[in-house]
Amino acid sequence: MKKQGKQIVVDMIVIKDIKTRAQELDALGVDGICVHAEYDLQAVGKNSFEDLYTPKGVVKNAKTAIAGGITNKDDKKAAAAQMQKLIEEAVSA
């Protein structure tokens with residue numbers, strides 16, 4: 001895929017050990033790793049933003065993203081605030 005100018009992004013929905021799998025995927029050379037909140041976990045209040053920090057701490061090369069769990073106005077405000085924080089961290093790094 002990379003020879004064709006494409007990027008590889010892996011969605012980590014249903015992955016239980018996010019840290020280990022993120023390390024493995026980063027070592028394989030994927031371009032992006034997406035932590036994805038499962039619908040049933042969203043229903044019980046699982047916070048996807050907490051999971052985002054797991055790969056951020058172990059991934060050296062791949063970009064990280066988050067999907068799922070942004071369902072209402074309060075979640076969208078939280079997502080915007082979290083994205084601003086991540087941008088600020090990236091700029092200061």
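The legends below describe several close-up views of one predicted protein chain.

**Conventions for all views.** In this predicted model, local features need pLDDT of at least 70 and side-chain atom pairs count only at pLDDT 80 or more, while totals for chains, interfaces and linings use all residues. Residues are numbered from 1 along each chain as its sequence is written, and side-chain values use heavy atoms, with hydrogens and water left out.

**View 1. The whole chain and its confidence.** The chain holds 4 helices and 3 strands, where helices (H or I, at least four residues) and strands (E, at least two) are DSSP runs numbered from the N terminus. Read from the N terminus on, the elements follow the order β-α-β-α-α-β-α. Of the 93 residues in the chain, 26% are buried; here buried means under 20% relative accessible area, exposed means over 50%, and partly exposed lies in between, with a 1.4 Å probe and protein chains only. The chain exposes about 6,400 Å², of which carbon and sulfur atoms supply 54%, with areas taken from the Shrake-Rupley method with a 1.4 Å probe and, for residues, with only the protein chains shown counting as cover. Among contacts (heavy atoms within 4.5 Å) between residues at least 6 apart in sequence, 59% join residues at least 24 apart. The average pLDDT, which is the predictor's confidence in each residue from 0 to 100, is 78 for the chain, and 69% of the residues score at least 70. Confidence is highest in helix α1, at a mean of 95, and lowest in helix α2 (residues 39-43), at 63, a point to keep in mind when looking at α2.

**View 2. The sheet of three strands.** The 3 strands form an open sheet in the order β1-β2-β3, with parallel pairing; two strands pair if DSSP finds at least two bridges between them. Because β1 (9-11) and β3 (63-67) stand at the edges with a single partner strand each, one side of each is left without a neighbour in the sheet. Neighbouring strands of this sheet are turned by 20 degrees against each other on average, direction ignored, with axes being lines fitted to C-alpha atoms, for helices over the stretch in contact, and angles running from 0 to 180 degrees between N-to-C directions. Strands β1 and β2 run parallel and are joined by 3 bridges, and Asp11 has Cys34 in β2 as its bridge partner. On the other pairing, 5 bridges join β2 (residues 32-36) to β3, again in parallel, and Ile33 stands opposite Thr64 in β3. Strand β2 is mostly covered, since 4 of its 5 residues are buried.

View 3. Ala22 is buried, with a relative accessible area of 0%, and, leaving aside residues up to four places away in sequence, Ala22 touches Met12, Ile33, Pro55, Val58 and Val59. Although Ala22 and Lys60 are 38 residues apart along the chain, their C-alpha atoms are separated by 9.9 Å. The side chain of Asp26 reaches the backbone nitrogen of Asn61 at 3.1 Å. Asp26 and Val58 are 32 residues apart in sequence, yet 8.8 Å apart in space, C-alpha to C-alpha.

View 4. Lys63 lies in strand β3 and is exposed, with a relative accessible area of 62%. Not counting residues up to four places away in sequence, Lys63 touches Asp31, Gly32 and Ile33.

**View 5. A backbone angle in a loop.** Val14 is found in the loop between β1 and α1. Most residues other than glycine have a negative phi. Val14, although it is not a glycine, has a positive phi of about 75 degrees.

Key
Polar contact = N/O pair within 3.5 Å; in protein donor to acceptor, adjacent residues only side chain to side chain.
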